[in-house]
Every structure is written in C-alpha cells, then in structure tokens.
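Subject: Structure for you to look through

Hello,

Here is the structure I promised to pass on. Please open it next to this email and follow along; my notes come after it.

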Amino acid sequence: MRARLISLPALSVLTLLLAACGSQPPAPEQGAAGVESRTPSAVKVDTSPVTTVQPDRFDPNSIAALKDPRSPLSKRSVYFDYDSYVVKDEFQALLTAHGKFLAANPKMKMLIQGNADERGSREYNLALGQKRAEAVKKTLVLLGAREDQLEAVSLGEEKPVCTESGEDCWAKNRRGDMLYAGEF
Amino acid sequence: MKFQGLVIACAAIATLCPATARAQLTVEITGAGANRLPVAIADFTGERIVAQALTSVVRADLERSGLFRLVDAGAPLADNATPAFDDLKNRGADAVAGGSVTTAADGRYETRVRLSDVPKQAALGNPAYLHSGTQLRATAHRIADFIYEKLTGEPGVFSTRIAYVVKSTGRYELKIADADGSNDQAALASREPIISPAWSPDGGKLAYVSFEAKKPVVYVHDLASGRRHVAANFKGSNSAPAWSPDGKQLAVVLTKDGSSQLYIVNADGSGVTRIATSSGIDTEPRWSPDGQFIYFTSDRGGSPQIYRIAASGGAAGSGAERVTFEGSYNVTPRLSPDGKSLAFISRNGGRFQLALMDLATKQTQILTDSAKDESPSFAPNGRMILYATEIGGRGVLAAVSSDGRVKQKLSVQAADVREPAWGPLVR
C-alpha cells in the first residue's frame, strides 16, 4: 500500500481533508448540454479508521462552520426592498463572511438563487430575481470569491417561502439564497 | 350557463370517460356577444347514442363561442332530408344543421352533415366524416369548426388544443387538453415549477421552462413521443422560449453574460446568438407572425415596457423601438395571428389587467376588470384571448373576445391553473 510511505500524522491530515471534501458532492457542471449530474465523482482512496479528538475551537473558514449556528455562515438569505437589487448594509457582514469563506475554500462552489414577490409577470419576475442573485454574486466577488465558484440563477416568483398576499409576506420572498454544492 | 361537455359524452358512451374526470377544466360562459347568430342543430339520425354525443358536443362548442344562440330544431333531421324551413323560420333560426350516422363496413361510423341557410332555403355545405367511437369528440369539434367557418367566415378553433400548468400540493403538471377542456393529459409532472409553455407552429412540440434542476432550464418536448431535449441550459437562468414562425429557432432569455438578455438558439439547442443588448432586463420575446420583428419586455427606459427590434438583430442597425408608453408597467407582449394587434398585461392602479393595442392606431383597450391577469394567448383565429387570472385566491384561466364582449372562465376543482398557451390550428 502506497499509504505506508506517508508518515502517520500526514496520513490522518490527508484522510480528514478527503473526508471533508467527500462529504460535499462536487459542483454541478455548467455547460450548455444536459441536466446537471448530482452524482458525486468517486475518489479512489484506501481508508482506515482514524480516531481524532475534535478540538472545541471555532474556525470561521472551516466547512463545519457552514452548519454551525454560531457562525454567520449558517445564515444564507439576503432580503431586498421592493423593486430594488441593492444589497442593504445590514447584509454586508454576512456577505463578507461568505466571501472570505469562498476565498479560503477555492474548491467550494455556490448557487445563488434570486427570488421575487408574486406581483406581475412570471418571466419579468424571473428577471428581477436574477438581478438580485447577480447583486449578491457581485458583492461576494468584491469580497474575495472567484467568479467561477459562483452561479447566479433565478427562481422568480415560483418558490415563495410565504404564500399570503401582503407586504409582510412579499418582503420575505424578495430574497437571494446562498446554497453551497451539496445543498441544492 | 355551465358546460361540462365530458358529462354529456360520459352519459352517452362510458368509454369516453377519463379516469381523471375531476381534474378536468370546466368552461363557464360569463359574457356573450351582442348579436348572436340563431342556429338550430337538429338531432342527427341513425346510430342514436353516437348521434346524441355528436350533437351535444357540437351544440356546446357553438354556444361556448359566444357567437351563436341555439334554437330548438323541433325534430331530428337527416343530412339528406329537406329541413322544415318555414317552421325553422318561425322558430327564429337563420341556419340549420342536420346529419345522419351510419355504421360503415369496417365497423367505424360514417357521419354526414348538411348545413343550410334558412331564409334562402339553400344548402351551405355537406361534409362527411369517417370515425371510430374514440374519435367522437374530435369529429364533433370538426363539425362545429365547419359550421363556425361557414357562418362567420373565419376558421373555427374547436379542434385546437391548449396547454396549461396545474399546481396542486407539491406537484406541477404540464397539461394538454382540447380547447373545451376535455381529454386532458399530462405531458410532464414534476415536483418543481414549470412555466412559459410555447407551442411549436406545427402543434407537435412544446417549449417550456422547468426548474427540476433547481434553476430554470429550457426544454423542447415532442408531444407524440413524450421525448424531450434541453434547448438551453447555460450558466445562470434560461427562460421565456418563443418559436420562430418557421419552427426552426427559439428566442430565449439567458443570463450567461450578466443580466437577462435576448438570444436565438436553434430548436435543437445548437448555435446561440445574442440579438439585443441592454444594461437592464430584456425578456419575454415574441416573434411577429410575419417573422420581421421580435417584441419583448425591457426596463431599459426605467420601467418595464414593450419594445420591438428587427428579428435580424443588430445587423439591421435600427435598434429597439418602444411600443407602449402609457403607465409604468406594460409586459408580456403577444401578437394577434394577423399581426395587427398586441395583447399585453398592463398595471393600472395596482391592478394587472389584460390590454389590447391596435398597432396601427396605438389605441389601447383594457379587456378585463380583474386584478391579477397574466400570460395572454390568442386563439389561432384571433377571436379570443386566453389568459391566467385569480378568483378567490385561486389561479384560473379565463378567455375574453378581442372586442371584450364574450367572456369565459376555465377552472379545475381544488387546484391552481396557470400559464395557458393556445395551440395552432389543426389542418
């Protein structure tokens, strides 16, 4: 076995890294053809059980932080004003955290889904949602993410989180959601 | 007056009842034309059950159009019998149709029809149809089309089909039904939204946007085989497909180069070309019937309005021409089949309503009094406009004649219906 040639500490680090990567399916293909494949590509490795003591330490750019409620990375939604695509100041800190995370994890990919409220034409609302997704994308690029890590798409008015008519509800639907590979 | 054509046919011939009768669109007339032509459709003679089913569908078709008033013919009438013209005149009928149904040698039915002008006491036509029991409704629609065309001078659309999307809990279905709502079939069922169905000019295919890949992707779906292919799946969103009049190309909206912009792809998904450039949103392209222009929605002037460009794109060098000027929200352009008028959705005091513009005079008329109109679609003879609206918080389809007089409501029990598209004429 080739792994014998590597020192034991190096092996455990390698295994951890592979495990971390393996838990996230790769980003979808973004070519012109076909519906995206969601099948994770096989990583050829020989594995053996490695026991580690989980440090009670908080790494803001670790993959675990994405789901850690203590981390801003666990928050994924940016809300917009009516007829607006401007990312409001209150979301700058959130986007800064995600921008830094993407810069620190260049293999991570993100799908940004823009949404619109129900009023008016479905196709025009799809375009409005796209503008919101693009605004989130541009902000993330300014904050360190690379263009090829990000795909901005729109769900228009088709996937409302709130289905009643009225401004309270509409405000929740004027939204950009950030999803990392494996989450959509 | 409520028509449930299916119920009539079911009563006559049990095999015509689809299992999903509850999910069917029912058509309700909510307004009729001012001067309806009085016409008598006599009971056809011969095979009684078949004849009854045929005449009831023909009558329902003609009455639903809003252009005819049905007059009781008094007695059955064979195609080769002389109508009782004096009696029909007293009953107020301007035209009468009779027919006979016989069993042909191969077990199919032969239906012969004669339409006559009552005041002139003259025959207007004498078509014959050979059909099986399963083609009963289709035959009745053909007969109604014949009568409609003879009496109005324009083609009937009773044999055409419509596409629409039904949303029930966690499920979206792209459905195809006859123009009267019967014979509905699901072409596609998905847990993710389906929007913007568009018929190919030959009626054989539908282009649409499906979100099954967690983003909008444009597909082309062959209805006879059920096979489909991706027509546009670029990075970003892919939406708003529109067929070129020759059926070879699709205008689509892509975001691969930034915000929503107009492109043309071949119907097989090859060869993408950008046809317009703006810094904002360009969407909802539609070819004019003569193929010369592409109408679309753009916010390039600050608010969403309708524009048009030469279909040959930037090469013409003339740029985009603004079409709508009144109000701050005019979207979803749809050209009438003769290319002379434009249906669109206009926001008036917070209400989204169906409007119709005469392109020569720019005169615009609001055709509805509803508040959430969307997705207008012309009947292929230009007489009616089908659109989506909301009644009691539920999505329904409605149709209005281009003069605003005839009104219909098409709804499915306990489900949202949206995104209608009226198919082309069947020849």
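Trp199(B) stands opposite Leu206(B), a residue of strand β14(B). Strand β14 covers residues 205–210 of chain B, and 4 bridges join it to β13(B), the two running antiparallel. Strands count as paired here if DSSP finds at least two bridges between them. Helices (H or I, at least four residues) and strands (E, at least two) are DSSP runs, numbered from the N terminus.

Before going on: this is a predicted model, in which local features need pLDDT of at least 70 and side-chain atom pairs count only at pLDDT 80 or more, while totals for chains, interfaces and linings use all residues. Residues are numbered from 1 along each chain as its sequence is written, and chains are lettered from A and ligands numbered from 1 in the order in which they are written.

The pair of strands above belongs to an open sheet of 4 strands in chain B, with the order β13-β14-β15-β16 and antiparallel pairing. Its edge strands, each pairing on one side only, are β13 (194–199) and β16 (228–232) of chain B. On average, neighbouring strands of this sheet are turned by 25 degrees against each other, direction ignored; the axes behind such angles are lines fitted to C-alpha atoms, for helices over the stretch in contact, and angles run from 0 to 180 degrees between N-to-C directions.

Chain B is divided into domain 1 (32–152) and domain 2 (161–422), with bounds from an automatic or database domain assignment. The C-alpha centres of domain 1 and domain 2 of chain B lie 36 Å apart. Their contact takes 9 residues from domain 1 of chain B and 8 residues from domain 2 of chain B; two residues are in contact if their C-beta atoms, placed from the backbone, lie within 7 Å. On the domain 1 side, the elements giving two or more residues are α2 (48–64) and α4 of chain B. The largest share of that side, 3 residues, comes from α2(B).

Is helix α4(B) mostly buried or exposed? Of its 17 residues, 13 are buried, so α4(B) is largely enclosed by the rest of the structure. A residue is buried if 20 or more other C-beta atoms lie within 10 Å of its own, exposed if 12 or fewer, and partly exposed in between, with C-beta atoms placed from the backbone. This helix (residues 136–152 of chain B) should span 24 Å at 1.5 Å a residue, and its end C-alpha atoms are 24 Å apart, which agrees. The expected span is 1.5 Å times one less than the number of residues. After α4(B) comes Gly153(B), with a positive phi near 85 degrees.

Glu284(B) sits in strand β21 (residues 282–287) of chain B and is buried, with 32 other C-beta atoms within 10 Å. Thr332(B) is in strand β25 (residues 330–335) of chain B and counts as buried, with 30 C-beta neighbours inside 10 Å.

Chain A has 4 helices and 4 strands, which run α-β-α-β-α-β-α-β from the N terminus on. Buried residues make up 31% of its 184 residues.

Where do the chains meet? In total, 25 residues of chain A are in contact with 32 residues of chain B. On the chain A side, α3 (122–142) and β3 (150–156) each give two or more residues, and α3(A) gives the most, with 8 residues.

Regards
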